[in-house]
Every structure is written in structure tokens, then in C-alpha cells.
Amino acid sequence: MIKHLIAHLLANGVALYFVGIILKGDFIITGEWKGYLIAAFIFGILNGLVKPVLKLLSLPFVLITAGLFIFVINSLMVWFAQYALDVLKFEGVAIVIKNGFFTYILVGFLISVFNMVIHWLLKK
């Protein structure tokens, strides 16, 4: 169980790091390694607790859009993580997203892809 939790935490951290590299300037996590670790922990909590509820509540939209509404849910998870870090006020740690809604969608999509690949590699 602990091993699984640590693997998810590291996968989220790696995904956030690579998304930050790809979207340099539009998606920034401050606080160096500590910022990525805290943001990954927040994403892990949100993906474990909030995302399943949102998926269940939005099931009709997911079915109508053939699963594309999942990208909107992933974008909401990014926004929730950014909001949570703002509320919790960790010293020197924040998620900065520029260029609005499109960047949220792109970040949500990229985090999903990176997490999928990382988890696939961990299973092998």
C-alpha cells in the first residue's frame, strides 16, 4: 500500500515536472523540488478523492462526448490544485498558470498522458 502511494506520488511529481518543461512560461511550479513534491501530493489527494466523485456526477457528459469531458475534469483538478496551494499558503510553493482556460485543458491532458505512461512503465 505504501509502495503504491509513493509510486503515485512520484509519478505525479515527474508528470508535473515534464509538463512544466513542455509548457515553459505558461505552467510554473515554484519552490523547486519541494514545490513539485507538495503539488504532486495535492494532485494525488484530489485525484483519489475528488476526481471519482466528479466523474460519477458528470457521467452523462462523459458518455455524450465519448470521454472527451474527462479533459474538462482533469482541468478542474489542475484548478483545484492551484486553488488548494493558494489557500494552504506553503512558503514559496505555488502553481502559476498563464493564458487561461486553454492552458488548463492542455495541462490536464499532458498530466494524464504522462501519468498513464509512467504507470504503464511501472507495471512492467
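Gln82 touches Ile95, Val96, Ile97 and Tyr104, where residues up to four places away in sequence are not counted and where contact means heavy atoms within 4.5 Å. The model is a predicted one, in which local features need pLDDT of at least 70 and side-chain atom pairs count only at pLDDT 80 or more, while totals for chains, interfaces and linings use all residues. Residues are numbered from 1 along each chain as its sequence is written, and side-chain values use heavy atoms, with hydrogens and water left out.

**Helix H4 and Gln82**

- Gln82 lies in helix H4, residues 69–88; helices (H or I, at least four residues) and strands (E, at least two) are DSSP runs, numbered from the N terminus.
- Gln82 counts as buried because its relative accessibility is 12%; the term buried means under 20% relative accessible area, exposed means over 50%, and partly exposed lies in between, with a 1.4 Å probe and protein chains only.
- The buried residues of H4 are Ile73, Asn74, Ser75, Met77, Val78, Ala81, Gln82, Ala84 and Leu85, and the elements that cover them include helix H2 (32–57), helix H3 (59–64), strand E2 (94–97) and H5.
- The 20 residues of H4 should span 28 Å at 1.5 Å a residue, which agrees with the 28 Å between its end C-alpha atoms; the expected span of a helix is 1.5 Å times one less than its number of residues.
- H4 is followed by Lys89, whose phi is positive, near 55 degrees.

- H5 has 24 residues and reaches 35 Å from its first C-alpha to its last, which is close to the 34 Å expected at 1.5 Å a residue.
- The buried residues of H5 are Thr103, Tyr104, Val107, Gly108, Leu110, Ile111, Asn115 and Ile118, and their cover includes H1, strand E1 (27–30), H2, H4 and E2.
- Met116 is found in helix H5, residues 100–123, and Met116 is exposed, with a relative accessible area of 58%.
- Phe109, Val113, Met116, Val117, Trp120 and Leu121 make a nonpolar surface patch of about 580 Å².
- Patches are made of residues with over 30% relative accessible area and no salt bridge, with like charges joined within 9 Å and nonpolar side chains (Val, Leu, Ile, Met, Phe, Trp, Tyr) within 5 Å; a salt bridge is a side-chain nitrogen of Lys or Arg within 4 Å of a carboxyl oxygen of Asp or Glu.

**Aromatic pairs**

- The structure holds seven aromatic pairs, and one of them is the stacked pair of Phe18 and Phe114, at 5.6 Å centre to centre with 20 degrees between the planes.
- Phe18 lies in helix H1 (residues 2–22) and Phe114 in helix H5, so the pair ties together parts that are 96 residues apart in sequence.
- Rings of Phe, Tyr and Trp (its six-membered ring) pair if their centres lie within 6.5 Å, and planes under 30 degrees apart count as stacked, over 60 as edge-to-face and the rest as tilted.
- Tyr17, Phe18, Tyr36 and Phe114 form one aromatic cluster, and Phe18 counts as partly exposed at 37% relative accessibility.

**Positive phi in the loops**

- Ala66, in the loop between H3 and H4, has a positive phi near 55 degrees although Ala66 is a residue other than glycine, and Ala66 counts as exposed at 71% relative accessibility.
- Asn99, in the loop between E2 and H5, is a residue other than glycine with a positive phi near 75 degrees, and Asn99 counts as exposed at 59% relative accessibility.

Methods:
Areas by Shrake-Rupley, 256 points an atom, 1.4 Å probe, with all protein chains shown as cover.
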